[in-house]
Amino acid sequence: MRAPESKCTVERGGFFQAVGKAIYWALQLRGPHGLLSCLSLRPERTRRRITDRPRSWAQEKAADVENVPPVISTPHHYLISIYRDKLFFVSVIQTEVPPLFVIEFLHRVADTFQDYFGECSEAAIKDNVVIVYELLEEMLDNGFPLATESNILKELIKPPTILRSVVNSITGSSNVGDTLPTGQLSNIPWRRAGVKYTNNEAYFDVVEEIDAIIDKSGSTVFAEIQGVIDACIKLSGMPDLSLSFMNPRLLDDVSFHPCIRFKRWESERVLSFIPPDGNFRLISYRVSSQNLVAIPVYVKHSISFKENSSCGRFDVTIGPKQNMGKTIEGVTVTVHMPKVVLNMNLTPTQGSYTFDPVTKVLTWDVGKITPQKLPSLKGLVNLQSGAPKPEENPSLNIQFKIQQLAISGLKVNRLDMYGEKYKPFKGVKYVTKAGKFQVRT
């Protein structure tokens, strides 16, 4: 499975200055035809450049990891990156290719590490660096993506276990499989043959994130829902599943797993598929009609700074709204205060707060909202004496989670199975959480 002419090298160094604080230690798999898969670790420091002349505009944007452009052109390469779990995954491209193609591949790499190691973190990658390179050599052949399905990769490269590590150290064997995966030669490459389970289960998680901007008066400037349906399928044999919804027409920009039969979705709005074995993302979708996006929280705020004064007032109250009777939990409010703020003396009626005088970031950990007693945070803001009044008030960034609710109203109608005679256990869980949820003050 490995390309004989490809060369694998390990380099310790950085991405380049354009992502500023991006990379301290990097693993690079070099292939002769262009794609260089680069796993970047520790986004705090940069040691060394691997390109000649980074663009100054990219340097300026690198102060915040979220502002690093996903595609950066340099005199000799294109650098395409994603940022997940506090890590940069970077591909270095020598010729022009569709960026979304590369971005999707990088997400597949991150998902594979999550599946293999239980987490996609710097520690997990360092502890399993040999398996990381074995996976990359199978996923990327001669600079081109090859095997990206988890089932195929697990037959090629055995997932790490304590027992397997002990056996390998004693016998000198490796995690690389001896036979070609059964799914590699079939027209259903995402599912291996001969799957057997004692308990047959099919579970689906409908997870929706709300991106919204609320203006000072409480009106919605922008609102959108990004949703995914993640599946955990543990079914014996070769089941054929059909998943139908109560209201599928509200979904926009649906992206499908390759197992889904697209023609049936187009004609009947039903998801028909032979599923992969284990965990996978069935679909991702968007709900962009603003009148369909319910805003589950409201915020009353009063933040004021007096002219020629060394103090100001801060008063924020948060409450439930259009939450369909469900509890809003995990609420956190983050505020980037102006630079002239020295300290804050606040009193929360619920939860706790912290203020970092260096970064000027106020974090209020609210917890669960109870309608009977709305949480509030109020008090004084200490400013630098003689400093001018801040030109604008800060925005509030809110995080929250609502269990057993899909805020778009999407509901699974039924799941039918064909091709097998047993009856599986079935379940659906709904979760709504905040994405980029901002309230302007």
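Four strands make up an open sheet with antiparallel pairing, in the order E14-E15-E20-E17. Strands here are DSSP runs of E with at least two residues, helices are runs of H or I with at least four, and both are numbered from the N terminus. Two strands pair if DSSP finds at least two bridges between them. Strand E14 (297-305) and strand E17 (341-348) are at the edges with a single partner strand each, so one side of each has no neighbour in the sheet. Strand E15 (residues 311-320) pairs with strand E20 (residues 376-383) in the antiparallel sense over seven bridges. Thr317 has Ser376 in E20 as its bridge partner.

The model is predicted: local features need pLDDT of at least 70, side-chain atom pairs count only at pLDDT 80 or more, and totals for chains, interfaces and linings use all residues. Residues are numbered from 1 along each chain as its sequence is written, and side-chain values use heavy atoms, with hydrogens and water left out.

Rings of Phe, Tyr and Trp (its six-membered ring) pair if their centres lie within 6.5 Å; planes under 30 degrees apart count as stacked, over 60 as edge-to-face and the rest as tilted. By this rule there are seven aromatic pairs, including these:

| Pair | Centre to centre | Angle between planes | Type |
|---|---|---|---|
| Tyr83 and Phe88 | 4.8 Å | 50° | tilted |
| Phe89 and Phe113 | 6.4 Å | 35° | tilted |

Phe89 lies in strand E5 (residues 87-93) and Phe113 in helix H2 (residues 99-117), so their pair ties together parts 24 residues apart in sequence. Phe89, Phe113, Tyr116 and Phe117 form one aromatic cluster.

Buried means under 20% relative accessible area, exposed over 50%, and partly exposed in between (1.4 Å probe, protein chains only). Tyr83 is partly exposed at 33%, whereas Phe88 is buried at 2%. Phe89 is buried at 1%, and Phe113 is buried at 0%.
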